[in-house]
Structures are given as structure tokens and as C-alpha cells.
Amino acid sequence: MAVKHDIDGPVRSRRRAIRKHLLEWYREARRTLPWRDAGDPYAIWVSEIMLQQTQVRAVIPYFDRFMTRFPTIESLAAAPLEEVLSLWKGLGYYGRARNLHRGAIEACRRYRGRLPADPAELLRLPGIGPYTCGAISSMAFGVPVPVVDGNVIRVLCRLFGLDEDPTSYQVKKRLWRWAGILVPEQDPGTFNQAMMELGALVCVRRRPDCSRCPLEPLCDATRLPDPGVLPVRPRKRVRPEIRAVSLVIHDPASDALLFGRRPPRGLLGGMWELPTGGARWEEPVEEAARRVALRRFGMDLHPQALPERVVHVFTHLRLSLDVAICREVPPHLSTADAGPGDSREGAVAGCSPGPFDVAYQAYRWVARQEWETLPMGRSTGKVLDILPLASPRR
Ligand code: SF4
């Protein structure tokens with residue numbers, strides 16, 4: 001009879017030693033971070049959401065500003081989404097900010113402005129997935145549940161010599177199970193932070209510093225010529241490329257530009273951008289810009305193309321953005337308040353509407369001094385940076 005291989009055996013047999021070595025190292029090596037140690041579930045929540053896809057160093061100033069302006073869940077829930085997006089500007093992945101805001105509103109409605117300690121309840125809040133739930137539950141409430149982020153995946157794959165694709169469903173499940181075996185009943189939050197800290201400081205992506213690693217005697221990857229080959233890299237995703245054109249409509253009297261607000265859901269939801277529309281690859285910039293102006297404003301604004309093109313890479317697509325300057329102002333939007341948005345989405349003839357053919361919810365003139373605080377995506381910021389308007393932006 002075949003003997004069944006126990007794939008969790010090495011995790012169980014090494015767990016005591018791993019906990020001991022890791023926690024000893026963490027006491028000495030841990031960084032001082034503004035969200036650590038306070039045990040404030042809300043601060044942990046905000047920090048964990050900001051840290052998704054973003055480096056610690058970049059997050060710290062955003063976290064400080066955010067917590068100063070919104071020190072409690074109630075204050076966040078009471079704020080307009082636009083202000084939340086404005087404080088998030090530059091961090092990217094704006095869906096995180098929208099979900100955090102929705103989550104705060106839900107937490108006020110269901111839990112009187114507190115986060116529940118029960119992981120199952122936490123998971124019901126918008127934007128809280130297994131990772132954030134594990135972080136809040138273990139760090140703020142001492143619930144012995146695991147946390148598995150990119151750092152932990154790297155450490156686990158190397159520690160146990162796992163050479164399978166960690167993005168596959170089965171392997172992900174196994175990694176969560178292993179992390180669950182390792183996490184101790186006592187002070188699980190510190191253990192989880194220690195695992196993440198090891199991945200961030202020592203067991204780093206390309207060149208793990210094994211000579212400084214407290215887990216070196218326990219680690220399978222040290223038997224390889226290069227432990228950095230683990231985890232196995234999933235095959236690279238090819239991002240589709242799309243093209244769009246933005247219209248620069250400038251009012252020299254007030255030194256303001258016309259912006260449109262995108263719908264609340266989807267790519268760059270709720271953010272402001274220069275009036276933009278999708279374009280065909282072979283379409284000359286001015287032709288595409290005229291078509292976008294006709295569609296959005298019902299008039300020909302005689303746009304003139306700028307020679308520069310902005311390229312911006314989103315998680316799932318690559319955008320090539322041309323820019324055209326219009327010398328006229330649509331008469332129905334000439335008042336200081338501009339006006340309501342478009343009645344419907346548009347599209348290039350013969351194509352289905354793309355992410356830049358959305359109907360705007362509103363139009364607004366925004367003076368130069370407000371551009372810095374207006375919630376807008378990085379692609380719009382890049383366009384503003386190349387504009388040859390009278391006084392330079394920088
Ligand atoms: S010994 Fe090297 S590969 Fe193994 S966990 Fe430590 S740093 Fe990572």
C-alpha cells in the first residue's frame with residue numbers, strides 16, 4: 001500500500017523552532033512604524049489597506065495625514081468621498097480608498113463605529129478580505145489567525161522548499177494552512193508581524209540575506225545554489241494596450257481647466273480627469289479629439305494636438321494618452337460651476353465603449369491652485385505636467 005506523504009509534516013515539526021528564532025530576531029530587528037504597538041484596530045485597518053501594493057516608506061506620510069484628518073472611524077464615515085480620495089491622491093489603486101470609506105460607513109451603521117473582533121464579522125465589511133481580516137484580528141484582538149501577504153508567501157515557499165506557482169488556488173490554500181499551523185495561540189499579532197518583517201527586511205525578493213536570517217538552519221531553500229529562485233514566478237501577464245485622447249479646455253481669465261468626474265465605480269471611480277475619450281490606434285490625434293469634443297459637448301472645438309504622449313500603466317492595462325488643446329469653451333459649460341455631466345457613455349464608432357468613454361457625472365472648472373488637491377489619477381497628473389500653459393505647474 002502506498003504511503004501517503006504528509007505535506008504539512010515539515011511545518012508542524014519545525015514550528016516551535018521557527019517561532020522561537022523568529023520572535024527573538026523580531027524583538028531586535030523590528031522597525032518603528034506609526035501603526036505598530038498602539039493596538040488600534042482602525043489604525044491597523046487603514047495601514048494594511050494602504051500597504052497593499054505599496055512600500056512602507058511611501059505609505060508613512062499618507063498614513064500620518066490620513067489619521068490626522070480622520071482620527072476615528074466616525075470621522076472617516078462622515079467625510080465626503082471626494083475628500084478621502086483627495087488624501088489618497090498619489091497612492092494609486094483608488095478602489096482601496098472607496099472601500100475603506102464604505103467600510104467605515106458600514107462599521108458605523110452595524111457596529112457603532114467600532115470594528116468587530118470576530119473575523120467572520122470583519123469579513124462582511126467592504127474591502128476587508130482574508131489578509132486584512134487576519135491582520136486586524138491577530139494584531140488588534142489577539143485572535144490566532146494567520147496573515148498571508150507577498151512577504152509571507154516568499155518566506156514560506158523558501159522555508160519549506162515549495163517550487164509550485166503560489167498564485168494557483170491549490171498552492172494558495174496550502175500556504176494559508178501552513179501559516180495557520182505556524183501562528184501561535186499567544187500573541188499571534190507579533191508573530192504575524194515578525195513573518196512579514198522577515199520577508200520585508202531579510203528574505204527579500206531577489207537576494208535573500210540568508211547569512212543574517214534567524215531561520216537559516218531551518219530553511220530548505222539554503223540547499224539551492226540560489227534561494228532567490230523561489231517562489232516560482234508565475235507567467236507574466238500581457239496587459240492590453242488602449243489609446244485615448246484628453247482635451248485641454250483652458251479659461252485664461254480664471255486660469256482654470258475643465259474637468260469631468262468619472263462614475264463612482266470601475267477604473268478611477270469618482271476621480272476627476274480632463275475630458276477624455278477612447279481613440280483608434282490609426283486615428284490622427286486632432287481627428288480623435290474633434291470626435292471626443294463633438295460627443296461630449298456637441299460642438300467642434302478645433303483642438304490642436306500636443307507633440308507629447310503620456311503613457312501610464314494600470315494593473316490590468318497600458319494606456320497611451322494623447323493630448324489636444326481646445327481654444328474655445330463649450331458655451332453651456334462657461335459658468336463658474338460648469339454643469340451636469342454627460343447623459344450617456346460614448347465610444348469610437350464600431351467599437352464597444354472602453355474605460356475612457358464613460359459618461360461623466362459632472363463638469364467643473366478647476367483653478368490651477370486647486371489641481372494639487374483635486375482627486376485625480378496619475379495619468380491625469382502626467383498630462384498636467386506636460387501642458388504648455390502660461391505659468392508652469394511646477
Ligand atoms: S534562510 Fe534565506 S531563503 Fe531561507 S527564509 Fe531565511 S532569508 Fe529566506
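Select Ala179 first, together with the residues around it: leaving aside those up to four places away in sequence, Ala179 touches Pro146, Val147, Val148, Val152 and Leu156. The model on display is a predicted one. Ala179 belongs to helix α10, which spans residues 169–182. Is Ala179 buried or exposed? A residue is classed as buried when 20 or more other C-beta atoms lie within 10 Å of its own; Ala179 has 23 C-beta neighbours inside 10 Å, and therefore counts as buried.

Now widen the view to the largest nonpolar core, a set of 97 residues. Ala179 and Leu156 are among the residues with the most contacts inside this core, as are Ile136, Val152 and Leu247. Colour helix α2, residues 41–51, which gives the most to this core, with seven residues.

Proceed to helix α5, residues 81–88, and display the side chains of Val84, Leu85 and Trp88, which are buried. Viewed down the axis of α5, the buried residues fall within an arc of 95°, and so they line one face of the helix. As background, an α-helix has 3.6 residues a turn, so residues three or four places apart point the same way. Following α5 is Gly90, which has a positive phi, near 105°.

Then turn to the strands β5 (residues 304–313) and β6 (residues 318–326), which run antiparallel and are joined by seven bridges. Together β5 and β6 form a hairpin, with four residues between them. To follow the pairing, select Gln304 and look across to β6, where Ile325 stands opposite.

Finally, zoom out to the whole protein chain. Its secondary structure amounts to 13 helices and eight strands. Taken along the principal axes, the C-alpha atoms fill a box of roughly 80 × 45 × 40 Å. Of the 394 residues in the chain, 38% are buried. Among contacts with a separation of 6 or more, 65% are between residues 24 or more positions apart.

Key. Residues are numbered from 1 along each chain as its sequence is written. This is a predicted model: local features need pLDDT of at least 70, side-chain atom pairs count only at pLDDT 80 or more; totals for chains, interfaces and linings use all residues. A nonpolar core is a set of buried Ala, Val, Leu, Ile, Met, Phe, Trp, Tyr and Cys residues joined through C-beta atoms within 7 Å. A residue is buried if 20 or more other C-beta atoms lie within 10 Å of its own, exposed if 12 or fewer, and partly exposed in between; C-beta atoms are placed from the backbone. Helices (H or I, at least four residues) and strands (E, at least two) are DSSP runs, numbered from the N terminus. Two strands pair if DSSP finds at least two bridges between them. Two residues are in contact if their C-beta atoms, placed from the backbone, lie within 7 Å. The arc is that of the directions from the helix axis to the C-beta atoms.
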